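This report describes how the parts of one protein chain are arranged. Please consult the sequence and the structure shown below while reading.

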Amino acid sequence: MKVVVVGAGAVGGYFGSRLAEAGVDVTFLVREKRAAQLRECGLTVRSVQGDYRYTPQVVTDAAEVEACDVLVVAVKNYHLSDTLSTLKPLVERGAKVLPLLNGVGHLDLLRAEFGEAAVLGGYCNIIVTLSEQGDAVHTSPTHEFTFGALVPEQEAVCERLLAAGQGANINLNHSQAIYRDMWQKYLFITAFSGVTTASRLSIDGVMAHPPTREVLRRALTEMHTLAGRKGAVMPDDLVEKLMTYMDGFPAGATSSMHQDFRKGLPLEVESLQGVAVRYADEEGIDLPTVRTLYGLLVPHATPAA
Ligand SMILES: NC(=O)C1=CN([C@@H]2O[C@H](COP(=O)(O)OP(=O)(O)OC[C@H]3O[C@@H](n4cnc5c(N)ncnc54)[C@H](OP(=O)(O)O)[C@@H]3O)[C@@H](O)[C@H]2O)C=CC1
Ligand SMILES: CC(C)(CO)C(=O)C(=O)O
């Protein structure tokens, strides 16, 4: 099993390193500046689950990789279209694309570009950031990497990936219902990131104010409806379960979008709240709360230079 990880940022750097630590043949396909940093300093994972430091295999051009089985894509959504021409030669040589981005809209883009057979489903649950020095800094115990087949003929490569990464220091899952699971994460993150970022509050702040808490519940409920319309039917009690789950988050916990907002970085608004609004329009349903969050956030998606 040969894995190429596209983007050695927080998510790619963390999960790629954990697979490499377990002996999987992992190469990072990155841009020049990051390649120079990785070659000079190596890659360090600093984690509550254990640190790891090593010299990764790095390339800046897909032509340097003969072939690979899986291409793990770990760039921000607003950079995805720039990577397509980079991925193409490897997909043409048989690689399956495994995106770890938040959201589901990127599946449309990837499948349109590479065909349905080439694109696996995937997502992750983790809180990790890249430090100034380029270290992947993982701060809470969860480190879940879930993937699965979107069409039956992809099961074999998923089994091989699971077997190769079996000993890795992560929670590596082969889902038998990856489309539904991706939608569940998307449903949650669209509401969670939308309300924390629009209110500028961490989740305990949101939960402490009943009217703000109600905005969160409504956003989840609307996303639950949308998921069902898109063929990802969720249990009726999911919204209440997610509210209870978020009540249990530690004080100060917030979304990566809210953290990016605080740092003045671009936000994945179009691929989260924006895609939901687009899908709702296509389905002829209204998502008033999510649409409002989208309207509030979109001016901040691209910070002024
Ligand atoms: N961080 C987290 O805790 C979580 C993140 N996610 C999701 O994971 C995805 C990735 O997020 P995250 O890792 O945090 O983002 P980062 O910004 O930390 O990493 C993205 C990396 O992509 C690289 N990149 C951009 N364009 C290219 C390109 N054309 N070729 C190669 N590399 C490229 C950037 O490198 P450079 O600019 O240096 O060249 C950067 O290092 C997002 O969709 C996010 O929502 C999901 C769950 C948790
Ligand atoms: C909720 C969390 C941290 C889970 O991975 C996430 O995906 C995000 O905030 O972007």
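## Two domains

The C-alpha centres of domain 1 and domain 2 lie 25 Å apart. Domain 1 covers residues 2–176 and domain 2 covers residues 180–298; these bounds come from an automatic or database domain assignment. To the contact between them, domain 1 contributes 12 residues and domain 2 contributes 11 residues, where two residues are in contact if their C-beta atoms, placed from the backbone, lie within 7 Å.

On the side of domain 1 that touches domain 2, α4 and β8 (121–130) each provide at least two residues. Helices (H or I, at least four residues) and strands (E, at least two) are DSSP runs, numbered from the N terminus. This side of domain 1 consists of 3 nonpolar, 8 polar and 1 charged residues. In this classification, Ala, Val, Leu, Ile, Met, Phe, Trp, Tyr, Cys and Pro count as nonpolar, Asp, Glu, Lys and Arg as charged, and the others, Gly among them, as polar.

## Basis of the model

The model is predicted: local features need pLDDT of at least 70, side-chain atom pairs count only at pLDDT 80 or more, and totals for chains, interfaces and linings use all residues. Residues are numbered from 1 along each chain as its sequence is written, while chains are lettered from A and ligands numbered from 1 in the order in which they are written.

## The residue V104

V104 is found in the loop that runs between β7 (96–99) and α4 (105–114). V104 counts as buried because 25 other C-beta atoms lie within 10 Å; the cut-offs are 20 or more for buried, 12 or fewer for exposed, and partly exposed in between, with C-beta atoms placed from the backbone.

Apart from its neighbours within four places in sequence, V104 has contacts with M182, W183 and Y186. V104 and K185 are 81 residues apart along the chain, and their C-alpha atoms are separated by 9.2 Å.

## The surroundings of the ligands

Ligand 1 has 30 residues around it, of which G7, G9, V11, L101 and N102 come nearest; a residue is near a molecule if its C-beta atom, placed from the backbone, lies within 6 Å of it. The largest contribution to this shell, 5 residues, is that of β8. The shell around ligand 1 comprises 15 nonpolar, 9 polar and 6 charged residues.

Around ligand 2 are N102, N125, I126, I127, I189, F192, S193, S255 and S256. Both β8 and α6 (178–199) supply at least two residues of this shell, which has 4 nonpolar, 5 polar and no charged residues. Ligand 2 lies between domain 1 and domain 2, because both domains give residues to its shell.
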